[in-house]
Amino acid sequence: MSAAGPVRILVVDDHSLFRRGVMALLGLDPDFQVVGDAGDAGEAQRRARELQPDLILLDNHMPGVNGVDALPALREAAPAARVIMLTVSEDEQDLAAALRNGACGYLLKTAEGEVLAAAIRRAMRGESVVAEEMTGKLVAAFRGAQAGAGAGEPAAVPASPLDPLSPREREILRGIARGESNKEIGRTLGIAETTVKIHVQHVLRKLDVASRVQAAVIATEHGLG
């Protein structure tokens with residue numbers, strides 16, 4: 001996939017048949033190399049620390065610690081790895097929690113093989129990889145969180161994380177929240193793709209996030225989606 005070689009992937013799922021199927025599917029693509037697998041969160045953390053994969057495919061509903069709750073420990077074990085949730089859960093709260101905890105994407109197990117492959121490639125380019133079926137639920141989850149926060153006694157309003165962004169960077173962030181690629185954002189704003197890439201780096205740094213998905217979550221939370 002790059003000069004550094006194929007994407008090194010760790011597959012984490014407690015259902016061995018499904019796990020083996022995903023591993024076999026990915027093994028057919030020369031751009032991917034499955035370097036390991038795990039059946040629970042504890043084993044996943046050990047394998048992630050040992051293997052330092054480029055990307056982790058992570059189930060949510062597993063015995064013991066579920067995938068969403070395991071995310072912080074996994075990201076600590078393999079800081080450079082991107083994590084995509086691959087789950088049957090269509091629950092909007094699971095989706096929101098996964099993105100808050102550092103996942104760079106959320107796919108359903110019903111996804112076709114080519115969709116999964118494309119999502120991995122997009123994730124490795126730093127793009128958003130939320131399943132189309134879940135996009136509306138993502139917005140609903142954060143609207144619900146905002147409504148809940150508005151109940152009860154008024155609380156002090158913290159400074160918006162968007163405050164440090166320039167007007168151009170806000171436009172870039174709005175495009176990220178819509179799931180647009182750098183090329184699509186550049187076309188919309190009439191600027192070069194390389195310029196968009198630089199702006200995206202500035203946006204991620206100012207928001208103190210590691211992925212476009214996390215930036216999109218913040219944009220949605222603050223009405224910029």
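**A helix and its packing partners**

The buried residues of α9 pack against α7 (167–177), α8 and α10 (212–221), where buried means under 20% relative accessible area, exposed over 50% and partly exposed in between, with a 1.4 Å probe and protein chains only. Helices (H or I, at least four residues) and strands (E, at least two) are DSSP runs, numbered from the N terminus. This is a predicted model, in which local features need pLDDT of at least 70 and side-chain atom pairs count only at pLDDT 80 or more, while totals for chains, interfaces and linings use all residues. Residues are numbered from 1 along each chain as its sequence is written, and side-chain values use heavy atoms, with hydrogens and water left out.

The buried residues of α9 are V196, H199, V200, V203, L204 and L207. They lie on the same side of α9, because they cover an arc of only 140 degrees around the axis, the arc being that of the directions from the helix axis to the C-beta atoms. An α-helix has 3.6 residues a turn, so residues three or four places apart point the same way. T194 and R205, on the other side of α9, are exposed. Just after the helix, D208 takes a positive phi of about 60 degrees.

N182 belongs to helix α8 (residues 182–189) and is buried, with a relative accessible area of 15%. Not counting residues up to four places away in sequence, N182 touches E193, V196, K197, V200 and R212, contact meaning heavy atoms within 4.5 Å. The side chains of N182 and R212 are also joined by a polar contact of 2.7 Å; such a contact is a pair of N or O atoms within 3.5 Å, of which, within protein, one must be able to donate a hydrogen and the other to accept it, and residues adjacent in sequence count only if both atoms are side-chain atoms.

Elsewhere there is the largest nonpolar core, with 49 residues, of which I9, L26, I56, L57, L58, I84 and I120 touch the most other members; a nonpolar core is a set of buried Ala, Val, Leu, Ile, Met, Phe, Trp, Tyr and Cys residues joined through side-chain atoms within 4.5 Å. A second, separate core of 17 residues includes L165, V200, V209 and L224.

For the chain as a whole, there are 10 helices and 6 strands, and 44% of the 225 residues count as buried.
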